[in-house]
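Dear colleague,

Please find the structure below, for your records and for our next discussion. My notes on selected local features come after it.

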Amino acid sequence: MVAGLLGPAVAWAHAGLPETSNVTLRRGHPEDFFVGATFGAVISRDSGRTWRWVCPDAMGYGGWRPESFVWRGTGELLAATGNALLSSKDGACSWTSHPAFKDTWVTGLAAHPTDDAVLYVATGRSTSVTNGVFRSDDGGGTWRALALQRAGVLFSAVRVSTADPRTLYVSASDTARMYLFRSGDAGETWEELPQAFPDLVRPFDFVVTATDPVDPLGVWARVSAQGYTHVLHSTDGGRTFSARTGAGIDDVFVNMDVSADGGTAWVSTYNSFFRSQAGGAFSKLELPTGNACVTRVGGVLYGCGSPWLHDWSLARSTDDGTTWEPLFSLEQIQGSHQCPAGTPVRELCPSRWPQLAETIGAPLYPDGVPDAGVPDAGAPPADAGTPVNPKPSSGCAAAPAGTLVPLFLLPLWRRGRRREDPRP
């Protein structure tokens, strides 16, 4: 299988193409970017002037690719993979899984909007065990179980209200129903809100996706039915939802974000980018296309794009997504992330870089010498976690082998696509 050439248990989604899948900026440090990808991650510490690769086997997530990251102001990176809770304390050079969750699967991660030492996770291993919601007050070092613990219930996501951080929303399901749980006291007590969608045929996969930055009772979610994604909005704390995508979106939901005033919302899917303004329906924008993700930081919108279609993998917009300024494309990666000797990234990634460089059309050694990382900066930090040994995912990160594009064809196809579509 082609994906195996870049590391064990790693598969590329999006028809097997190497592409970006999410973007995270370090809290309080807009010069620091961490971009998740179908082939690991890419990091920049200088406002996007240089980019380097973090290979997936150095991160240890196997087939459970993180859908998002939290990058604390202190520099620690965390990610819920759907299996493990991963963290790095040394700038993405070493990764560990937290031992508190070795017997369950971490399906959701959220940070307090103003105090990123306060974190929440949701778990959802199987209906045969007890899952729940947990809180950390020390940046993920230790965790305590909150009152919301249920046997036979799978918790899928947790969101902290940016309007009132004491308000939490958690989505969940069991074999018979789908739920939204809401807390108004930072998780000490919970209100259970069963969700039913009588207008949809066999709805499933109800997930809370965003909160309103102004109204603590404003919350967004999505649900699937008959191959369509339905984006939902509530103004009464999740008691009732209204559909905002008409008959639904015929594509796979990636993520969404909301403007600071709550008036504009964006939804990204595998192939398209949608925007809703002033409470109206979502409409498809011209760009990005072929691949998308969305993250708002202040007044700037960041979006993933497909370099196979329009020559950039990450761009930003200051006009709510109408126009985009390219920030990064895959061929700009300058080698593996520079880390001290003894760290997983230093030991594993440089030998894997030549094959990825050929695939994405990046220079093998931009500086003219093999990429050997940085001079030894001492021993790596002690491993406070446990080794990651995940099971294969059944989600989008584990695409069937038949969907993967033969590796040797990718550079040629990339050049051909650029000639066909020269848009910046």
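Predicted model: local features only at pLDDT ≥ 70, side-chain atom pairs only at ≥ 80, totals over all residues.

Residues are numbered from 1 along each chain as its sequence is written, and side-chain values use heavy atoms, with hydrogens and water left out.

Most residues other than glycine have a negative phi, and most peptide bonds are trans. Leu287 and Pro288, however, are joined by a cis peptide bond with omega about -5°. Pro288 sits in the loop between strands S24 (283–284) and S25 (294–297); strands are DSSP runs of E, at least two residues, numbered from the N terminus.

Ala92 has a positive phi, near 80°, and lies in the loop between strands S7 (85–88) and S8 (96–97). Its relative accessibility is 0%, so Ala92 counts as buried (under 20% relative accessible area, 1.4 Å probe, protein chains only). Ala186 also has a positive phi, about 60°, and counts as buried at 9%.

Asp251 belongs to the loop between strands S20 (242–243) and S21 (253–258). Asp251 is buried without a salt bridge (a side-chain nitrogen of Lys or Arg within 4 Å of a carboxyl oxygen of Asp or Glu); the nearest side chain of opposite charge, Lys284, is 7.0 Å away. The side chains of Asp251 and Thr269 form a polar contact of 2.6 Å (here, N or O atoms within 3.5 Å, one able to donate a hydrogen and the other to accept it).

Yours sincerely

Methods:
Helix = DSSP H or I, 4+ residues; strand = E, 2+ residues; numbered from the N terminus. Buried < 20%, exposed > 50% of the residue type's maximum accessible area, 1.4 Å probe, protein only. Lys, Arg positive; Asp, Glu negative; His and termini not counted.
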